[in-house]
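Hi everyone, thanks for coming. Please have a look at the structure on the screen, and then I'll walk you through a few parts of it.

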Amino acid sequence: MTTTTSDTATTSDTAEQPTLQRFQPTDLDASPEVNALLERLGLGSLATEGLTSFGGRNDNWAGRTSGGHQVFVKTVARIPEGGSPQLERALAFEGLARHLPAGSPLRTPGHLGSDRTAAVGVYRLLPGARSGSELALDDEFDEELCREAGRAVGALHALPAAPAAADGGTDVPAFADGDADFPAVDTEEAPLPPMPWLEALPWSAVQERSMGQIAAWRLVQDDAEVIAALHALRAAERSAPHAPTHCDLRFDQFLRHDGTLYLCDWEEFRLADPARDVGAFAGEWLFHATYQVFAPGTGQDGPAAGFGLDHAEIIERGAASLRRHTPRITAFWQGYLEQHAPDPGLAERAAAFAGWHMFDRLLATAELHATLNPVARAAAGIGRTLLLNPAGAVATLGFTQPSGSPR
């Protein structure tokens, strides 16, 4: 079934090539549903020449169609029964995004259409865009851009769970072509952290993970205090007010194009604790700050220079790196408060989710390693501190509530 919606962002087609890190895409002959969908949408088809991919866990293609349209096409996982919960969640977001007010700080690349049976989505490509990861590495994700990111996430959390109908009830709008309604926003609990894995990894997961990842999981499983803190965080999350939440917020999900910040990748979107997103953004900066402790600086020799630091040097450089990066977390929070009034416990829960995010990122980065390097162990230590004492981290992260009500 093909579906289309109006764009949630307006961009111009240009010949400029994307500056995101590019990869060789999967052969389109192996995915005939891609061009079939593009043709049905009246966009033309993609040719092999000039086609690129941005990597990631899902197959994707970026380029200009024969009809002259710059598009980004992505497939997502399908379940055996048919369909894709990931695509359904992304489409649920598109339904709510249609109701964003003009000038909203939440912007996302325009959705051009989807095939819900084949689990394929088509979006307007943002030529020349740079990801938040690239901006952070180049020290260009500055405080003003972080404040803009906070406004975007705050606007997301301020959205109603379903748009209001004229009769005072709720109504889910139809797709532009009338094929189907937008799906309802998912209310299932977010999958991370996977609580059963705190006791033991299933054998199927062990087979799919590197020795570094297994070692990282052992750090969690052998720490009774961390496990108790994660259970407490889950309990607090269940009793917290829920809102439309991204639930997979990372630097990679932000794109800057022509001076405008966009937020993308909505496959985990659902009603959840908004502290997840706030904590994830803080956790991204904390992990980045930890990495910078071991990154070579002026006068250092070689890419692994920082790995020779003794404990005192690690503490000194770590404190300096955190002081340098936490103002960006504070700027994000200030922008957030401009758009959304948090519940009284959100800041503390966000600090705890930042702690979980440190473990989540080290688990991801350990995929290509046989052992845990000093960056991973340092990240685990910071994550543990945040999880065990989130209240004590609120002020350090800048999650302070200003006098008077925001907005």
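First, some ground rules. This is a predicted model, where local features need pLDDT of at least 70 and side-chain atom pairs count only at pLDDT 80 or more, while totals for chains, interfaces and linings use all residues. Residues are numbered from 1 along each chain as its sequence is written, and side-chain values use heavy atoms, with hydrogens and water left out.

Let's start with charges. Side chains of opposite charge can pair when their charged atoms come close. I'll say "salt bridge" when a side-chain nitrogen of Lys or Arg is within 4 Å of a carboxyl oxygen of Asp or Glu. How many salt bridges does a search of the whole structure find? It finds 30.

One of them joins Asp186 and Arg89, at 3.1 Å from N to O. Arg89 sits in helix H2 (residues 85-97) and Asp186 in the loop between helix H4 (143-157) and helix H5 (203-208), so this pair ties together parts that are 97 residues apart in sequence. A word on names: helices (H or I, at least four residues) and strands (E, at least two) are DSSP runs, numbered from the N terminus.

Are Asp186 and Arg89 buried or exposed? Asp186 is buried, at a relative accessible area of 16%, and Arg89 is buried too, at 11%. Here buried means under 20% relative accessible area, exposed means over 50%, and partly exposed is in between, using a 1.4 Å probe and protein chains only.

Next, Arg238 forms a salt bridge with Glu189, with 2.9 Å between the closest N and O atoms. Arg238 belongs to helix H7 (residues 224-239) and Glu189 to the loop between H4 and H5, so parts 49 residues apart in sequence are tied together. Glu189 counts as partly exposed, at 40% relative accessibility.

Since Arg276 lies in helix H8 (residues 275-294) and Glu237 in H7, the pair ties together parts that are 39 residues apart in sequence. Both Arg276 and Glu237 are buried.

There is also a network of salt bridges, linking Arg107, Glu144, Arg147, Glu148, Arg151 and Glu338.

Now for helix packing. Two packed helices are described by the angle between their axes and the distance between the axes. H7 packs with helix H11 (residues 374-388) at an angle of about 50°, their axes being 9 Å apart. The axes are lines fitted to C-alpha atoms, for helices over the stretch in contact, and angles run from 0 to 180 degrees between N-to-C directions.

Which residues make the contact? From H7 they are Glu225, Val226, Ala229, Leu230 and Leu233, and from H11 they are Arg384, Leu387 and Leu388. Contact here means heavy atoms within 4.5 Å.

Finally, two single residues. Arg361 is in helix H10 (residues 346-365) and counts as buried at 18% relative accessibility. Leaving out residues up to four places away in sequence, Arg361 touches Arg250, Glu284 and Phe287.

Thr330 is in helix H9 (residues 311-339) and is partly exposed, at 22%. Thr330 and Gly398 are 68 residues apart in sequence, but 4.6 Å apart in space, C-alpha to C-alpha.
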